[in-house]
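Biologist: Could you take me closely through one part of this model, the packing of its nonpolar core and the aromatic rings? Please give the cut-offs behind each term as you go.

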Amino acid sequence: MVTQSMSTENVETFVHEQLKEDLRVYEQLLKEINAEIMEYCQLKNMIDTVLKQEHREEFKTQVNIGGNMFMKARADSVDHILVDIGLKVYVEFTVEEASRFVDVKIKVLTKQADTIRDKSIETRANIKLALLVIGESHRLHTIQDDR
């Protein structure tokens with residue numbers, strides 16, 4: 001009887017210390033990746049706007065300077081732009097190259113988000129399964145004790 005309750009306690013501890021922590025980490029990673037996807041989508045929209053312009057001599061826009069605070073900006077020439085490719089490393093691309101890079105980057109990030117989302121769903125299912133096992137175990141012990 002002691003081993004039964006100990007194993008239930010071990011499962012409860014595993015759920016609370018391991019599975020719920022894993023779920024929290026997955027959700028944080030997913031939040032970060034979705035924010036990065038959103039930034040690249042904004043960049044893609046800006047690049048598409050530049051590509052639609054006939055004259056690329058001067059471009060006026062608003063730039064996010066942090067904390068969703070925007071500042072008016074003007075670029076004299078938009079033939080080349082700097083793109084953050086990760087780890088705060090910037091590469092100079094032509095507008096067309098930047099568009100292709102952003103498309104690929106969005107696809108890669110979306111696949112990463114899908115993988116993390118699948119792991120999160122699997123972890124949630126494991127938590128529910130463990131809680132069902134614990135509940136069923138308690139129900140069986142209650143039935144045995146009543147006899």
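**The nonpolar core and its aromatic rings**

Modeller: In this predicted model, the largest nonpolar core comprises 19 residues, and those with the most contacts inside it are Ile33, Tyr40, Leu43, Ile47, Val83, Ala98 and Val102. At least two residues of this core come from each of α1 (2–52), β3 (80–86) and α2 (95–146), where helices (H or I, at least four residues) and strands (E, at least two) are DSSP runs numbered from the N terminus. Apart from this core lies another, of 5 residues, including Val15, Leu23, Ile127 and Ala130. A nonpolar core here is a set of buried Ala, Val, Leu, Ile, Met, Phe, Trp, Tyr and Cys residues joined through side-chain atoms within 4.5 Å, and buried means under 20% relative accessible area, with exposed over 50% and partly exposed in between (1.4 Å probe, protein chains only).

Residues are numbered from 1 along each chain as its sequence is written, and side-chain values use heavy atoms, with hydrogens and water left out. Local features need pLDDT of at least 70 and side-chain atom pairs count only at pLDDT 80 or more, whereas totals for chains, interfaces and linings use all residues.

Turning to the rings, a search of the whole structure finds 2 aromatic pairs; rings of Phe, Tyr and Trp (its six-membered ring) pair if their centres lie within 6.5 Å, and planes under 30 degrees apart count as stacked, over 60 as edge-to-face and the rest as tilted. Tyr40 and Phe101 form an edge-to-face pair, at 6.4 Å centre to centre and with 65° between the planes. Because Tyr40 lies in helix α1 and Phe101 in helix α2, this pair ties together parts that are 61 residues apart in sequence. Tyr40 is buried, at 7% relative accessible area, while Phe101, at 21% relative accessibility, counts as partly exposed. The rings of Phe93 and Phe101 have centres 5.3 Å apart and planes at 25°, so this pair is stacked; Phe93 counts as buried at 14% relative accessibility.

Leu43 is in contact with Val83 and Val102. Lys44, placed in helix α1, counts as buried at 15% relative accessibility and is in contact with Ser99, Val102, Asp103 and Ile106.

Note on methods:
Contact = heavy atoms within 4.5 Å. Lists of a residue's contacts leave out its neighbours within four places in sequence.
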